[in-house]
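Please examine the sequence and the three-dimensional structure shown below.

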Amino acid sequence: MPNMIPGSEAQNERYAKQVLFRGIGAEGQRALGTATVAIVGLGALGTVIADTLCRAGVGTLRLIDRDFVELSNLQRQTLFTEADAQERLPKVVAAARRLAEINSTIALEPLTRDLHAGNILETLQGADLVLDGTDNLETRLLVNDACLKLGIPWVYGAALGAQGNAMTIIPHETPCLRCLIADVPPPGVMPTCDSEGVLAPVTGIIGSWEAAEALRLLSGQPPREGVLLLDVWHGETRVVELDRRADCPACGGTYDYLTGERTTFTTSMCGRNAVQISPAEERQISLEALEARLARAGEVTNNGFLLSFVVDGAELVLFPTGRAIVKGTTDEALARTLYARYVGT
Ligand SMILES: [Zn+2]
């Protein structure tokens, strides 16, 4: 649409209600238009954040996720449709298609990528702000380390059951996530979406809270302070004050999650009866060649973005970088065996 260039009449009309709001104004709107925001995770939180910031006219959205769309996502992941689940599109591909329909004037950078210590700095580099749409603490602490090292503000958000949390982190100024949570607890200690489920209203509120904070920060307002705790089922909301922890390693410049050797080659996936396998180094795999090879051994489909292979009661979903999700098992050894047998090590 040629008349949709920034500054045009159509653009002024598009953002009219937001520009009228005093906290943003015309200057704030211009700042939003030149900003780059990285959204880590395009699940329940990430889709709400991306939808809101796309409509708000944030200039560039970098979308980062490792997963594909499934039917069980549709209850709360607001950018996806039954067709996306049917096609099993990577979440960033499905999200980018929908976002481009909503606002054709912003730039989208979809990255189907499993974030780890080896690639997070290059992935987040250049972003003005990072927003948390992840579903696990280990990745959040990695994001925390990366953002403190790169000096990028980020907003933590989490939801489980009917409860949600959120907190804004300005590197080396406000408390960081490790000031709040010292370390990842051992497996089995924390409740997960396996045991608790999650309600769409809480992910909607926390995602919106993060998006609102993005609008504040990008239009030059100071961060909101404290940690938000809410329960949508019981109708409780609190903001708790937090101080920087004197012995916080991350605030002290020691980035354990960023510098530590990656210990897990395989990880069980929350609520999925699935195991993810990430090769130590990414490599390019020809899905077409593998499809031809595997067709002799089982049922195989290839949609151009990922390949699915059903064998021995499990399903192996393979991405072109060599990363795989083995569905139908939580047995990491079995998942590794299937991967080694059919993909190769
Ligand atoms: Zn800290």
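The structure is a predicted model.

Strands of a sheet pair through backbone hydrogen bonds, in either a parallel or an antiparallel manner. In this model, eight strands form an open sheet, and their order across it is β3-β2-β1-β4-β5-β6-β7-β8. The pairing is mixed. At the edges stand β3, residues 107–112, and β8, residues 236–240, each of which pairs on one side only. From one strand to the next, the twist averages 15°.

Strand β4, which covers residues 129–132, pairs with strand β5, residues 154–160, in the parallel sense over two bridges. Leu131 stands opposite Val155 in β5.

Helices also lie across these strands. Helix α6, residues 91–102, lies across β2 and β3 and runs at about 165° to β3. Helix α8, residues 137–150, lies across β1, β4, β5 and β6, and its direction is at about 170° to β4.

In soluble globular proteins, nonpolar side chains tend to be buried together. The largest nonpolar core here has 95 residues, of which Val37, Ile39, Ala50, Leu129, Val130 and Val326 touch the most other members. Helix α11, residues 200–218, supplies the largest share of this core, nine residues. Because domain 1 (2–259) and domain 2 (266–342) both give residues to this core, it lies between them.

Leaving aside residues up to four places away in sequence, Leu129 touches Ala35, Val37, Ile152, Pro153, Trp154, Ala214, Leu217 and Leu218.

How values were computed. Residues are numbered from 1 along each chain as its sequence is written. This is a predicted model: local features need pLDDT of at least 70, side-chain atom pairs count only at pLDDT 80 or more; totals for chains, interfaces and linings use all residues. Two strands pair if DSSP finds at least two bridges between them. Helices (H or I, at least four residues) and strands (E, at least two) are DSSP runs, numbered from the N terminus. Axes are lines fitted to C-alpha atoms, for helices over the stretch in contact, and angles run from 0 to 180 degrees between N-to-C directions. Two residues are in contact if their C-beta atoms, placed from the backbone, lie within 7 Å. A nonpolar core is a set of buried Ala, Val, Leu, Ile, Met, Phe, Trp, Tyr and Cys residues joined through C-beta atoms within 7 Å. A residue is buried if 20 or more other C-beta atoms lie within 10 Å of its own, exposed if 12 or fewer, and partly exposed in between; C-beta atoms are placed from the backbone. Domain bounds come from an automatic or database domain assignment.
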